Structures are given as structure tokens and as C-alpha cells.
Amino acid sequence: MLKKIRVWDFPTRVFHWALAICVTGLFATGLTGGNWIAWHERFGFVVLGLVIFRLIWGFAGSETSRFSNFVRSPRVIFHYLRTGESPTLGHNPLGALSVVALLLVLLLQALTGLVVDDDIANKGPLADKVPSAWVALATTVHRLNKWLLGALVITHLLAIAYYALVKKEQLIKPMISGERDVDSGHAAPQLKGNTSAWVLALTIAAAVYWLVNIFPK
């Protein structure tokens, strides 16, 4: 028999959809350019805060959000590929690779964005605070890394479609409602309350605001 249990806490779900919106905004404004660059920067600042939040929440958050819960060894990943059996109720061992890769690539894109300078219209708030060689390197990495980010996003979307159409497993709905149908033998994971997440989020938001608006002056 199946039962419905909550597998994703509210902060993780808010992070997921906020990040999806911001990454879409990053690509739309970055590829359009012109007067949209200011919005591209704003989306980038929010992404930086979101990624920092998720990295910390990956160690201090709810059970299904912790890296220790879903990042697995190659042996477990190969076992999942052969059998389709996941040892966790949240991210499966293969999906964990996508999560980690996206977070790291987004972090790199956001950090390099702080110091880019394309000599046209896009200049990061900290570009004048670091050596010119670092600015040149960051600008090159930022320009090239967007294609790796795009490839990871497309792969992520294709995986969602594959699970929905082939494996008949919905990944989007649980990330909206937080609930998932599982075998009755599964125990519900331990989820943290929202208070600690809001304190963390507000602290990070204040830190990012200081970094991009106050520190450069």
C-alpha cells in the first residue's frame, strides 16, 4: 500500500522555485543585453544568496535536504542505475549529481559575475577591488561557464521529462506540495521548521546586499 508523506520542507521548495525563476531571468537578460544588464546583475545577486543558503541548508537543514542524505558513493549510484532502487526519499543518487553540479556551477557563475568587466556595459561591483588579471580571468570564465550552466539546466529538464513519461514518476509535484506517495513501510523524514531558515535567509540577504552595494564604495 502507498501512503502520502511530506518529504520536502517549505524552505527547500521556496529555494527551488526561486532559483528556477532567477536562472531563467539570468539567461533571458544576459542573452538580451542592453538595458537588461542591470536586471541580469540583480538576478545574479539573488542567485548568489540562494546558492549560499542551499549550501548551508545542505548541512544544517531537514533530513532530505542534507547532502549526507542524498550524495552517495559510485557503488550506490551504479546500483540505482541497475535496479532503480533509491535509498532515500528525496533526491535519488543520480539526481544528487545534478544538484551538486548545478550548485557549484551557479556559485562559480555568481562569484565571477561580481568581478567581470566586458569593457562595454557589464561591470561587476567588485571589479575595481581585484587585480586586472583576475578580472580578465573571471570575465572569460563567466562567459564560457554560462554554456555549461545551460547544458546542466537542459539535462535537468530532460531528466524530469524522462521520469514523468517513461518511469511514470512525478518529480515536479512533490517539489510543489512537499508530499510524495511512498510504500507504507517508509518512515517520514525529519523536517525542520521554517524559523531557522528565515533567519538564515535574511542573514545571507543582508550579507550579499552589503557585499554588492556597501563594500565597493
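Residues are numbered from 1 along each chain as its sequence is written, and side-chain values use heavy atoms, with hydrogens and water left out. In this predicted model, local features need pLDDT of at least 70 and side-chain atom pairs count only at pLDDT 80 or more, whereas totals for chains, interfaces and linings use all residues.

Helix 1 comes first here. Helices (H or I, at least four residues) and strands (E, at least two) are DSSP runs, numbered from the N terminus. Helix 1 has 23 residues and reaches 33 Å from its first C-alpha to its last. That is close to the 33 Å expected at 1.5 Å a residue; the expected span is 1.5 Å times one less than the number of residues. The N-terminal end of helix 1 is capped by D9. A side-chain oxygen of D9 lies 2.7 Å from the backbone nitrogen of T12. After helix 1 comes G33, with a positive phi near 70 degrees.

The buried residues of helix 1 are P11, T12, R13, F15, L19, C22, V23, G25, L26 and T29. Buried means under 20% relative accessible area, exposed over 50%, and partly exposed in between (1.4 Å probe, protein chains only). These buried residues pack against strand 1 (2–6), helix 2 (37–60), helix 5, helix 6, helix 7 (172–177) and helix 8 (195–214). T12 counts as buried because its relative accessibility is 3%. T12 touches W57, S65 and M175, not counting residues up to four places away in sequence. Contact here means heavy atoms within 4.5 Å. The side chains of T12 and W57 are also joined by a polar contact of 3.3 Å. A polar contact is a pair of N or O atoms within 3.5 Å; within protein, one must be able to donate a hydrogen and the other to accept it, and residues adjacent in sequence count only if both atoms are side-chain atoms.

Helix 5 was examined in the same way. Its 21 residues should span 30 Å at 1.5 Å a residue, and the end C-alpha atoms are 31 Å apart, which agrees. N92 caps the N-terminal end of helix 5. A side-chain oxygen of N92 lies 3.0 Å from the backbone nitrogen of L94. The buried residues of helix 5 include P93, A96, V99, L102 and L103. Their cover includes helix 1, helix 2, helix 3, helix 4 and helix 6.

Two packed helices are described by the angle between their axes and the distance between the axes. Helix 4 (residues 74–83) and helix 5 (residues 93–113) pack at about 125 degrees, with axes 8 Å apart. Axes are lines fitted to C-alpha atoms, for helices over the stretch in contact, and angles run from 0 to 180 degrees between N-to-C directions. The angle makes helix 4 oblique to helix 5. Angles under 35 degrees count as roughly parallel, over 145 as roughly antiparallel, 65 to 115 as roughly perpendicular and the rest as oblique. Helix 4 contributes V76, I77, Y80 and L81 to the contact, and helix 5 contributes P93, L94 and L97. By class, the contact has 7 nonpolar, no polar and no charged residues. Ala, Val, Leu, Ile, Met, Phe, Trp, Tyr, Cys and Pro count as nonpolar, Asp, Glu, Lys and Arg as charged, and the others, Gly among them, as polar.

Several further residues were considered. N69 lies in helix 3 (residues 67–70). N69 counts as buried, at 13% relative accessibility. Leaving aside neighbours within four places in sequence, N69 is in contact with E63, T64 and T88.

K146 lies in helix 6. At 26% relative accessibility, K146 counts as partly exposed. K146 and L26 are 120 residues apart in sequence, with their C-alpha atoms 9.7 Å apart in space. Beyond four places in sequence, K146 touches F27 and Q109.

R180 is placed in strand 2 (residues 179–183). R180 is partly exposed, at 25% relative accessibility. Its side chain reaches the backbone oxygen of L89 at 2.5 Å.

D128 lies between helix 5 and helix 6 (132–165). D128 counts as exposed, at 64% relative accessibility. A polar contact of 3.0 Å joins the side chains of D128 and K123. K168 is in the loop between helix 6 and helix 7. K168 is exposed, with a relative accessible area of 67%. Although not a glycine, K168 has a positive phi of about 55 degrees.
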